[in-house]
Structures are given as C-alpha cells and as structure tokens.
2 protein chains.
Amino acid sequence: MRSKTALVTGANGFLGRHVSRNLSESGWHVLGLGHGAWTPKEANRWGVAEWFSNDVTLDALQDMHARPQVIVHCAGSGSVSYSLTRPLHDFSRTALTLAAVLEYARTHVPEAVVVYPSSAAVYGNAVSLPIEERAPLLPESPYGVHKVVAEQLCLSYASNFNIATVVIRFFSIYGEGLRKQLIWDACKKIYSGDFNFFGTGEETRDWLHVEDAANLIRTAIVHATPECPIVNGASGRATSVSEILKELFLNIAPHHVPSFSRREKPGDPKHFQGDVSAALKWGWSPSIGINEGLHQYVKWFKGEVV
Amino acid sequence: MRSKTALVTGANGFLGRHVSRNLSESGWHVLGLGHGAWTPKEANRWGVAEWFSNDVTLDALQDMHARPQVIVHCAGSGSVSYSLTRPLHDFSRTALTLAAVLEYARTHVPEAVVVYPSSAAVYGNAVSLPIEERAPLLPESPYGVHKVVAEQLCLSYASNFNIATVVIRFFSIYGEGLRKQLIWDACKKIYSGDFNFFGTGEETRDWLHVEDAANLIRTAIVHATPECPIVNGASGRATSVSEILKELFLNIAPHHVPSFSRREKPGDPKHFQGDVSAALKWGWSPSIGINEGLHQYVKWFKGEVV
C-alpha cells in the first residue's frame with residue numbers, strides 16, 4: 001500500500017531536512033521542493049524520496065504532478081539581517097513562495113493540509129513574558145513583518161477557501177546542521193580561542209531543539225483546520241546566554257570562561273520566552289533539554305568543522 | 001524652473017487618472033506607469049506628461065530614469081470579487097507592486113514621499129460606526145487581507161528604512177469614469193428599464209467623490225512621515241442605497257421608482273461609514289455632496305454610454 005505523501009518545501013534547509021526525516025520515519029512518502037543541488041542519495045539520507053530542485057512557484061508546484069495530503073512550507077527567508085539589507089527579496093522569499101503554496105493547495109489539492117512554520121519575530125519586543133499567542137503583533141524587522149504577512153495569507157486562504165491550515169510560531173530553533181546564530185558563532189569562537197562575547201550574558205532566548213520542532217510540525221498536521229489555529233513552538237523556558245556558554249565551554253574548553261562586552265544591542269529584545277500551553281494541549285512536549293541538545297550540537301560541530 | 005515631479009502608478013485607472021490630473025493642475029510634473037495603451041495626447045488630457053506602459057516592477061521603475069519627489073501608488077487590484085476567484089493574482093497586483101515601489105523608494109529615491117491609497121475593506125464588518133482608524137482590522141475578503149498586507153509593508157519601510165509614507169483608507173470612491181459597482185450598475189439598469197434591485201435599499205455606504213479623493217491624496221503629501229500616518233478617506237456620511245437610487249431615478253427616469261428583492265447578501269456589511277476627523281484636521285474636507293456628484297455622474301454616463 002502506498003504510504004501517505006507529504007510535500008516539504010525548503011526540504012534542503014535546516015528545518016526542512018529535519019522535518020523531512022521526521023515525517024519519513026513516521027511512514028510518510030516525502031517529496032521535496034526548493035533550492036539546492038541534492039543527489040538522490042543525499043536527499044534520501046534526509047528522508048526525501050524525490051527531490052525537485054526549483055524555485056517555489058505555482059508552476060514548479062504544478063510541474064511536480066504530485067498529490068500531497070500534507071504540505072509543510074519550510075522554504076522562505078530565515079534571517080533578520082538579510083531582511084534589513086534585501087527587504088524586497090526577503091518579502092518574495094517569505095510571502096510570495098507561501099502565496100504560491102496556498103494557491104497550489106486551493107487550485108490543485110484543496111483537501112491537503114498546509115502547515116506553516118512562522119516565527120516569534122511577529123511579536124517584536126514583547127510586553128510581558130511568557131508570550132501568549134494572543135499577544136499583539138508588533139514586529140521590529142522586515143523579517144517579522146513578512147512573517148505576519150505570511151500568517152495573514154494562511155488565515156485568508158483558510159477562511160476564504162476552506163484550506164485546512166495551521167501556523168506554528170517558532171522561537172529559537174537550534175540543532176545539528178544550523179550554521180548561524182549564537183550557538184554556531186560561539187562554538188567557532190571558543191574553538192578559535194576567542195572568549196569575548198557581545199552583551200551582558202543575561203539576555204535570554206527560548207531555545208527549541210530542531211527535533212522537537214519537527215515533532216511539533218508532525219503533531220500539528222491533525223490540528224489543521226479552516227480556522228487556522230496558531231500555536232507557539234518553544235520550550236517554554238528562557239535560557240540566558242551565560243547558561244548556553246557555560247555548557248558550551250564545559251564541552252569544548254572546560255578551563256576557560258567567557259567574558260562579556262556588557263554593551264547591549266539597541267532594538268534587540270532582552271528577554272524572550274514562549275507560552276507553550278496550546279502546543280502542550282495537543283499532546284506534544286519538548287523532549288530534548290538544552291544541555292543535552294548543546295552536547296549533541298558540539299558533537300556534530302566537532303565532526304563537521306573542527 | 002522645472003516643477004516638482006510626481007510619479008503616479010496605475011495612472012490609467014479610475015483613481016489614477018483623477019489623481020494625475022489633480023496633481024498636474026496643482027503644478028506637478030506627472031509621470032505615469034502602469035497598464036494600458038495610452039497615446040501621449042490621451043495621457044496629457046489626464047495630466048500625465050510622460051506615460052510608461054509597463055508592469056509596476058522594480059526594473060520598470062528603474063528604467064524610467066526619473067527622480068520623483070512624490071510617488072502615489074494607485075496601481076493594484078480594485079475588486080473584491082476578483083480576489084475571490086484569482087487570489088494569487090490579486091495578491092501580486094496589490095502587495096507585490098507596492099513592495100516594488102517601496103523598494104524603489106528605498107534604493108533610488110529615499111527622499112521621496114510615498115502615498116498609498118488603501119481601502120476600508122481592511123476593517124471588514126465593523127463593530128461600531130463611524131469607523132475610526134484605530135478600529136480592529138478584520139478583513140473579510142482576500143482583497144481586504146491584501147490591503148492589510150500592503151499597509152504593513154508601508155509601515156515596515158517607513159519605520160525600518162525611514163521612508164516618508166502615508167496611507168489613506170478609502171471608502172466607496174465614485175465619479176466620472178467608474179464603470180463598476182452600485183452606481184454604474186444602477187444607471188445601466190434604469191436606462192434599460194429594469195427597476196428591480198437586490199437587497200432592502202436600507203444598506204448604507206460612505207461615498208466619496210473621486211475629486212475629493214484626489215484632493216485628499218494631494219493634501220496627504222505633506223503629512224507623510226516615517227511614522228506612516230493612516231487616515232480614513234470618506235465623506236463621513238452613510239448614504240443608503242434608496243437615497244442613491246432616488247437621486248438616480250430623479251435624473252434618469254423621474255416617473256419610476258425602484259423595487260427591492262429584500263434579500264440580503266450574507267457576509268456583506270449592512271452599514272459602512274467612516275470617521276474622517278483625522279483627515280479634516282489636515283484642512284481637507286469633501287466638497288462634492290452626493291446629490292451633486294450623482295448628477296455629474298449621470299451627465300457623464302449619458303455622454304459615454306447612452
């Protein structure tokens with residue numbers, strides 16, 4: 001019997017790879033569409049049975065001649081700083097690719113479920129923590145604005161065209177394969193013998209391991225409806241930069257300690273923490289604690305980079 | 001001395017034509033960009049000194065080799081029903097053309113002012129009337145959602161890239177040249193001897209004559225800032241369908257009266273009225289009353305159609 005088919009856009013990206021493998025291991029036949037030259041063998045290694053290297057456009061989606069029951073739209077921009085230097089490209093990557101996916105669902109597979117990984121960047125500088133889903137949306141960057149736009153497209157296609165949709169606002173996702181942001185930068189620094197860090201060390205973020213993120217996406221599938229529920233994807237815990245670095249130093253350079261510039265980035269929220277009650281109600285919960293996750297990450301980092 | 005230069009996108013459309021002529025008569029050198037085969041003479045008749053027939057893209061904007069001080073983005077979708085049958089096209093027409101205009105401003109003419117005519121469709125079914133600008137945005141149609149998206153792009157470029165921007169949420173604009181919606185349909189019906197109308201006649205809308213809309217756009221120019229003020233563009237009065245028809249019958253078929261189906265369109269707001277305090281504070285006020293405006297419209301209709 002043919003297993004169910006899922007289409008993962010951006011399957012060659014950080015989140016897309018983990019989502020593809022996760023779905024594949026749960027018995028889904030995974031099709032991937034997006035940028036990147038992947039050999040069939042490499043794609044298979046990440047659970048992608050068939051890889052279509054192309055822009056995510058309506059034409060490209062049609063040309064796949066597929067009939068997915070689930071579409072997870074992992075393609076799109078993933079960088080605040082890119083959105084500040086190339087805002088139009090960022091808008092196109094995030095909003096226009098999603099618009100194509102939703103239009104494809106409406107015109108070709110109206111019974112399919114669309115899962116959209118959004119971002120906590122939609123909240124901007126949150127007024128109170130932990131942030132609930134009903135908090136006001138006050139994005140600070142073009143990236144955050146474009147994610148708001150994307151969510152509105154989901155809500156619009158859900159309510160106007162009856163597409164079963166679900167949105168997950170992910171906080172800081174990390175894990176093997178992520179080659180940017182604090183944890184990656186810190187590993188590189190510590191290995192190079194540079195122990196100086198920006199900020200005070202007291203800044204917090206809510207870190208979620210990418211495997212837990214992939215589990216949440218798989219869990220979300222059955223909750224997609226034309227009401228388009230929106231849930232936070234986070235650990236529910238605020239972890240300070242100091243705690244992250246302490247663990248990384250322990251794993252990499254146990255006889256050293258970080259020092260901090262004590263300057264703060266203007267505009268950056270000092271603390272971030274998600275309320276995950278809604279996702280917990282689905283029966284999902286994060287399974288990889290931050291120390292275990294960092295330990296795995298350093299192991300991967302050593303194998304890849306050092 | 002060279003007069004100041006304004007770029008009007010969609011200058012060949014209903015609002016664009018009136019805006020172009022209005023600006024031209026106020027001493028602006030008006031460049032037009034958008035769809036439509038216009039001879040230079042026809043364009044000039046509407047105040048457009050140079051007409052560029054092209055899609056509104058970043059490339060097309062660059063290729064004009066212009067340096068406008070003001071950009072009025074009249075291009076974009078103008079139909080709720082189109083957005084329901086072609087939502088992706090509607091999104092592209094509204095959001096993507098505006099994104100191109102804002103990116104053009106950021107990269108080529110950062111000192112330019114961007115004026116964006118939005119729509120009261122962003123409010124959806126309003127909870128209380130008259131609608132103030134701070135009312136919640138609960139758009140009912142893809143058209144309304146895409147207008148919300150457009151406003152967010154304006155706010156994003158204004159705050160992130162310091163572009164002086166202003167948004168006007170227009171209610172029902174009518175006037176010479178409009179070949180759709182209630183007034184146009186009613187004129188055609190009455191002339192054809194069909195006096196039957198949908199609804200109860202008690203439904204209200206807030207009608208603003210296109211000349212008053214163009215005046216408001218011109219007034220808005222000096223109020224554009226990186227805070228991106230948003231004002232309603234309306235008459236501030238709710239006029240019922242019965243009142244509109246009474247005036248049209250008086251002008252066209254004075255010995256007849258309309259009859260109504262008394263059925264209501266589900267989903268359509270029954271009443272609509274804008275609070276125009278904010279625009280009045282700018283010193284603008286509507287100058288053409290509904291009866292005078294309808295009289296002019298019928299005169300134009302007779303010359304064009306009958």
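Among contacts in chain A between residues at least 6 apart in sequence, what percentage join residues at least 24 apart? The share is 79%, where contact means heavy atoms within 4.5 Å. This is a predicted model, in which local features need pLDDT of at least 70, side-chain atom pairs count only at pLDDT 80 or more, and totals for chains, interfaces and linings use all residues. Residues are numbered from 1 along each chain as its sequence is written, chains are lettered from A and ligands numbered from 1 in the order in which they are written, and side-chain values use heavy atoms, with hydrogens and water left out.

**View 1. Chain A as a whole, with its 11 helices and 13 strands.** Helices (H or I, at least four residues) and strands (E, at least two) are DSSP runs, numbered from the N terminus. Chain A has a radius of gyration of 19 Å, close to the 19 Å that the globule rule gives for 306 residues, so it is as compact as a globular protein of that length. That radius is taken over C-alpha atoms, and the globule rule is 2.2 Å times the number of residues to the power 0.38. Of the 306 residues of chain A, 53% count as buried; buried means under 20% relative accessible area, exposed over 50%, and partly exposed in between (1.4 Å probe, protein chains only).

**View 2. A:H18, a residue of helix 1 (residues 14-25) in chain A.** Beyond its neighbours within four places in sequence, A:H18 is in contact with A:W46, A:E176, A:V210, A:E211 and A:A214. Look also for A:N215: 197 residues separate A:H18 from A:N215 in sequence, yet their C-alpha atoms are 9.3 Å apart.

**View 3. A:L248, found in helix 9 (residues 241-252) of chain A.** With 0% relative accessibility, A:L248 counts as buried. Its contacts, leaving aside neighbours within four places in sequence, include A:I183, A:A186, A:C187 and A:I190, and also A:L294 and A:V298. A:D194 lies 54 residues away from A:L248 in sequence and 13 Å away in space, C-alpha to C-alpha.

**View 4. A cis peptide bond between A:L129 and A:P130.** Omega is about -10° at this bond. You can find A:P130 in the loop between strand 5 (113-119) and helix 6 (142-161) of chain A. Turning to chain B, the peptide bond from B:L129 to B:P130 is cis, with omega near -10°.

**View 5. B:H65 and its positive phi of about 50°.** B:H65 has this phi although it is not a glycine. The residue sits in the loop between helix 3 (58-63) and strand 4 (70-73) of chain B. Is B:H65 buried or exposed? B:H65 is exposed, with a relative accessible area of 71%.

**View 6. B:C228, in the loop between helix 8 (210-220) and strand 11 (230-233) of chain B.** B:C228 is not a glycine, but has a positive phi of about 50°. At a relative accessible area of 3%, B:C228 is buried.

**View 7. B:A278 in helix 10 (residues 277-281) of chain B.** B:A278 counts as partly exposed, at 23% relative accessibility. Not counting residues up to four places away in sequence, B:A278 touches B:E133 and B:V231. B:N232 is 46 residues from B:A278 in sequence and 7.3 Å from it in space, C-alpha to C-alpha.
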